[in-house]
Amino acid sequence: MTHNLVVNYNLYQKMEVFRPHLVAASAMTRFHSDDYINFLKVISPDNMQEYIRQLQRFNVGEDCPVFDGLFEFCQLYTSGSIGGAARLNQ
């Protein structure tokens with residue numbers, strides 16, 4: 001939806017695209033526990049039943065669905081958040 005608004009209002013012509021560097025899992029552990037980051041790396045729709053306790057502990061599975069590539073997705077948006085914050089502070 002956001003992409004469509006940006007394109008339809010020609011906002012992209014006034015924007016600078018910022019592509020931050022991909023952060024390592026170790027950078028993510030500055031804000032989250034090692035257990036949580038490791039959980040994100042291994043969880044998938046195929047093995048969810050093996051991680052019932054962790055699903056409940058980390059509140060994943062209900063309104064935060066498990067999908068293939070979950071860790072990579074989290075890594076991408078974390079990279080954007082950290083990179084954007086760093087850029088704002090320059």
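Visitor: Which residues touch the most other members of the largest nonpolar core?
Guide: Bear in mind that this is a predicted model, where local features need pLDDT of at least 70, side-chain atom pairs count only at pLDDT 80 or more, and totals for chains, interfaces and linings use all residues. Residues are numbered from 1 along each chain as its sequence is written, and side-chain values use heavy atoms, leaving out hydrogens and water. A nonpolar core is a set of buried (under 20% relative accessible area; exposed is over 50%, partly exposed in between; 1.4 Å probe, protein chains only) Ala, Val, Leu, Ile, Met, Phe, Trp, Tyr and Cys residues joined through side-chain atoms within 4.5 Å. Of the 16 residues in this one, those touching the most other members are Ile37, Phe39, Leu40 and Ile43.

Visitor: And which element gives the most to this core?
Guide: Helices (DSSP H or I runs of at least four residues) and strands (E runs of at least two) are numbered from the N terminus. Those giving two or more residues to the core are α2 (25–28), α3 (34–42) and α5. With four residues, the top giver is α3.

Visitor: Which residues is Ile37 in contact with, leaving aside neighbours within four places in sequence?
Guide: Contact just means heavy atoms within 4.5 Å. By that rule, the partners of Ile37 are Ala25, Met28, Thr29, His32 and Phe71.

Visitor: Is Ser79 buried or exposed?
Guide: Look in helix α5, residues 70–88, to find Ser79. Beyond four places in sequence, Ser79 touches Pro20, His21, Leu22 and Val23. Because its relative accessibility is 3%, Ser79 counts as buried.

Visitor: Which residue's backbone nitrogen lies 2.8 Å from a polar atom of the Asn47 side chain?
Guide: Asn47 sits in the loop between α3 and α4 (52–57), and its 15% relative accessible area makes it buried. Its side chain has a polar atom 2.8 Å from the backbone oxygen of Val42. The backbone nitrogen at 2.8 Å belongs to Ser44.

Visitor: Now for the outside: is Gln56 buried or exposed?
Guide: You'll find Gln56 in helix α4. Its C-alpha atom is separated by 27 Å from that of Ile82, 26 residues apart along the chain. Since its relative accessibility is 63%, Gln56 counts as exposed.

Visitor: What about Leu11: what is its relative accessible area?
Guide: Leu11 is found in the loop between α1 (2–8) and α2. It counts as partly exposed because its relative accessible area is 40%.

Key
Polar contact = N/O pair within 3.5 Å; in protein donor to acceptor, adjacent residues only side chain to side chain.
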